[in-house]
Amino acid sequence: MFHFSGFNMMFPDAGRNFQATYKCFSVSMLPGNERSDVEKGGKIIMPPSALDTLTRLNVEYPMLFKLTNRKKSRTSHAGVLEFVADEGKCYLPYWMMHNLLLEEGDILNIESVSLQVATFSKFQPHSTDFLDITNPKAVLENALRNFACLTKGDVIAIKYNKKVYELCVLETRPGNAVSIIECDMNVEFEAPVGYKEHTAPQAGNNQSGSQTAGGSNSNEPADGGTVLEEVVETFQGSGVRLDGKKKKDSQLETPVLKKILPRGVPDYEFQFGLLRFDRSIRPISDRGQDDGESAGEAAAAGEADSFHGTGFSMKKSRK
């Protein structure tokens, strides 16, 4: 208390906590246009009177709040986006109301807090669909820009490609609730709920018997290569003429083209970090020459018997 020229003036103590109780509603109940930006992040909307009180109390910035549902003994943390709510009301994202077990119009206690800056966080997706994202860390980093803090045990919701993904916050450091505003935070992912690792099939008896005299295992076939050949027939079926007429007898039997496609055999005994060069395998082009010699001879014989008879010139010769 200070006395200046007959006026009594009282200055509030710096750093006092803000505490208030409001009726909470989801963002969809906010009057006016639809606010999809509020639903994407982790910030709430409070009434203008809260801003006046926070200013007088000289609350530390950034403004972070502890949200408590005393009826269900559930707590979480959030930032504030705007002070435009009706007096006595506050608006929360739906996923935050779900974490706090709140219904429309329930009583919510809000208290200002100061949180440590985050250094590490670990998330677990609630669906294996999250694995379909090409770069999940970049997607999460972009989504967390709309959040002010994280609380261990919360299930946050992020939207990507018109789809909502839920992630559980498994761990935060250095505390159970941290601020993520202007921070350098390491992020890790746990395997999604329901995810099962696919193990490589065991090698069969044909591989167990492929030990050489020197005692080394090899997955090579008897011909010395690790490539199987697959014959693919093209242009199968019967053709139809465009004019609707029946095909001639010479056109009924058309040759079927066959192609030999090489396909690799997986190495089931591959060890991560080991790079092996097998020089005993012949290139595919060399194997194709040996296999194609017999076919080439048969084709040459067929060509020798074709194009019989005499030829005619369309240009008349001068006599």
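## Glu-171 and its surroundings

Glu-171 touches Phe-120, Ser-121, Lys-122 and Lys-152, residues up to four places away in sequence being left out of the list; contact here means heavy atoms within 4.5 Å. The residue belongs to strand β13, where helices (H or I, at least four residues) and strands (E, at least two) are DSSP runs numbered from the N terminus. Glu-171 counts as partly exposed because its relative accessible area is 24%; buried means under 20%, exposed over 50% and partly exposed in between (1.4 Å probe, protein chains only).

This is a predicted model, in which local features need pLDDT of at least 70 and side-chain atom pairs count only at pLDDT 80 or more, while totals for chains, interfaces and linings use all residues. Residues are numbered from 1 along each chain as its sequence is written, and side-chain values use heavy atoms, with hydrogens and water left out.

## The chain as a whole

Seven helices and 17 strands make up the elements of the chain. Of its 319 residues, 28% count as buried. Among the contacts in the chain with a separation of 6 or more, 77% come from residues 24 or more positions apart.

The accessible surface of the chain amounts to about 23,100 Å², and carbon and sulfur atoms hold 51% of this area. Accessible areas come from the Shrake-Rupley method with a 1.4 Å probe, and for residues only the protein chains shown count as cover.

Strand β12 (residues 155-160) pairs with strand β13 (residues 163-173) in the antiparallel sense over six bridges; two strands pair if DSSP finds at least two bridges between them. Tyr-160 stands opposite Lys-163 in β13. The two strands form a hairpin with two residues between them, and Asn-161 in the turn has a positive phi of about 55°.

A cis peptide bond joins Arg-173 and Pro-174, with omega about 10°. Pro-174 lies in the loop between β13 and β14.

## The sheet of β9, β14 and β11

Three strands form an open sheet in the order β9-β14-β11, with mixed pairing. Its edge strands are β9 (116-117) and β11, each of which pairs on one side only. Between β9 and strand β14 (residues 177-179) the pairing is parallel, over two bridges, and Gln-116 stands opposite Val-178 in β14.

## Strand β5 and its partners

Strand β5 (residues 64-69) is mostly covered, since five of its six residues are buried. Six bridges join β5 to β6 in the antiparallel sense, and five bridges join β5 to strand β8 (residues 107-113), again antiparallel. Leu-67 stands opposite Ser-76 in β6 and opposite Ile-110 in β8. The hairpin of β5 and β6 has four residues between the strands, and Ser-73 there takes a positive phi near 55°.

Tyr-61 and Pro-62 are joined by a cis peptide bond, with omega about -5°. Asn-58 has a positive phi of about 55° although it is not a glycine, and its relative accessibility of 49% makes it partly exposed.

The structure holds one cavity of 30 Å³ or more, and the volume of the largest cavity is about 50 Å³. On a 1 Å grid over the protein atoms alone, a cavity is a set of points where a 1.4 Å probe fits but cannot get out, and lining residues have an atom within 4 Å of a point. Grid points are joined across faces, edges and corners, and a volume is the space filled by probe spheres set on the points. The lining includes Ser-76, Trp-95, Cys-149 and Asp-154. The elements giving two or more residues to this lining are β6 (74-82), α3 (94-99) and β11 (149-151), and β11 gives the most, with three residues. By class, the lining residues are six nonpolar, three polar and one charged; Ala, Val, Leu, Ile, Met, Phe, Trp, Tyr, Cys and Pro count as nonpolar, Asp, Glu, Lys and Arg as charged, and the others, Gly among them, as polar.

Asn-99 is found in helix α3 and counts as buried because its relative accessibility is 7%. Apart from its neighbours within four places in sequence, Asn-99 is in contact with Arg-74, Asp-154 and Val-155. In the loop between α3 and β8 lies Leu-101, a residue other than glycine with a positive phi near 55°.

Key. 1 Å grid on protein atoms, 1.4 Å probe; cavity = no way out; pocket = protein on both sides within 12 Å on 5 of 7 lines; lining within 4 Å.
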